[in-house]
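Trainee: Please take one part of this model and go through it closely, with the cut-offs behind each term.

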Amino acid sequence: MGGTLATRRSERGGAVGSSKGRRPPGTQREGRILCASSLGCAPGAVLAWVLGLRGFAAVSLLQVGLSVNYWRRPEWGLRRNLDIGCALLLALAVFFHWSSEAQCAYSSAARLGYTACFLAWCRATSAWAAERPSWVWWHACFHALIGSVNLVLAWGCGVRLSGAARV
C-alpha cells in the first residue's frame, strides 16, 4: 500500500478531489492507530457503569463498539453512518442532559472538554479534507480527549448522584 493517499485513491478509480471512493484511513497503520484510540473511550463508560449511570454507560459502550468496528476496516457505508450517528446522539445527550448542572458536579469542565473535542474533530476533518497525514493524529487526539472528558463526566455525575441519594 505504498504511495501517497492521493495516489492510492486515484489507483482505486476515485477522483482525487471527490469524496467518492475515499476510504480513510489510507494505510493499515492509520487504521490501527484510530482503532486503538477509539478504545480510549471505554474507561469512562466502565466508570459510568460502576457508578450506576447505566444510560450513559450503555450509549458510551455502544459508541466505542461502533467506532472500533468502523476503524478496523473503514469504508463508506452503514457502519460509518451508524458510528457518526451514534456519536452525534451521544454528544447531544451529553451536552443537553448529562453535563447539566443538575446531573454533573463538574458541568462546566465537561462542557468545556466537549468543546475542545469538537475543535479537535474540526482540525482532523480539515486536515483530512486537505489530504494531510496529520488528520490521523488529530482524530486520535479527538478520541483521547473524548475518553478523558467522559471520565470527568462520569465521575461528576456519580458525585451528583451520590449527593442526591444522601439528601
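**Helix α5 and its neighbours**

Mentor: In α5, Ala 91, Val 94 and Phe 95 meet Arg 111, Tyr 114 and Thr 115 of α6, where contact means heavy atoms within 4.5 Å and helices are DSSP runs (H or I, at least four residues) numbered from the N terminus, strands being E runs of at least two. The model is predicted, so local features need pLDDT of at least 70 and side-chain atom pairs 80 or more, while totals for chains, interfaces and linings use all residues. Residues are numbered from 1 along each chain as its sequence is written, and side-chain values use heavy atoms, with hydrogens and water left out.

The axes of α5 and α6 come within 10 Å and cross at roughly 150°, axes being lines fitted to C-alpha atoms, for helices over the stretch in contact, with angles from 0 to 180 degrees between N-to-C directions. That makes α5 roughly antiparallel to α6 (over 145 degrees; under 35 is roughly parallel, 65 to 115 roughly perpendicular, the rest oblique). Their crossing is left-handed, that is, the near helix is turned anticlockwise from the far one by less than a right angle, clockwise being right-handed. The residues of this contact divide into four nonpolar, one polar and one charged, with Ala, Val, Leu, Ile, Met, Phe, Trp, Tyr, Cys and Pro counted as nonpolar, Asp, Glu, Lys and Arg as charged, and the others, Gly among them, as polar.

Helix α5 (residues 78-98) also packs with helix α4 (residues 54-71), at an angle of about 150° and with axes 9 Å apart, which makes α4 roughly antiparallel to α5. Here too α4 passes α5 in a left-handed crossing. Among the residues making the contact are Phe 56, Leu 66 and Trp 71 of α4 and Arg 79, Cys 86, Val 94 and Trp 98 of α5; by class, the contact divides into twelve nonpolar, five polar and three charged residues.

The largest pocket holds about 960 Å³ of space; a pocket is an open set of points on a 1 Å grid over the protein atoms alone, where a 1.4 Å probe fits, with protein on both sides within 12 Å along at least five of seven lines, and lining residues have an atom within 4 Å of a point. Of the 33 lining residues, the closest to the pocket's centre are Ile 84, Ala 87, Trp 121, His 139 and Phe 142. Helix α5 gives the most to this lining, with nine residues, and the lining has 22 nonpolar, nine polar and two charged residues.

Definitions and conventions:
Grid points are joined across faces, edges and corners, and a volume is the space filled by probe spheres set on the points.
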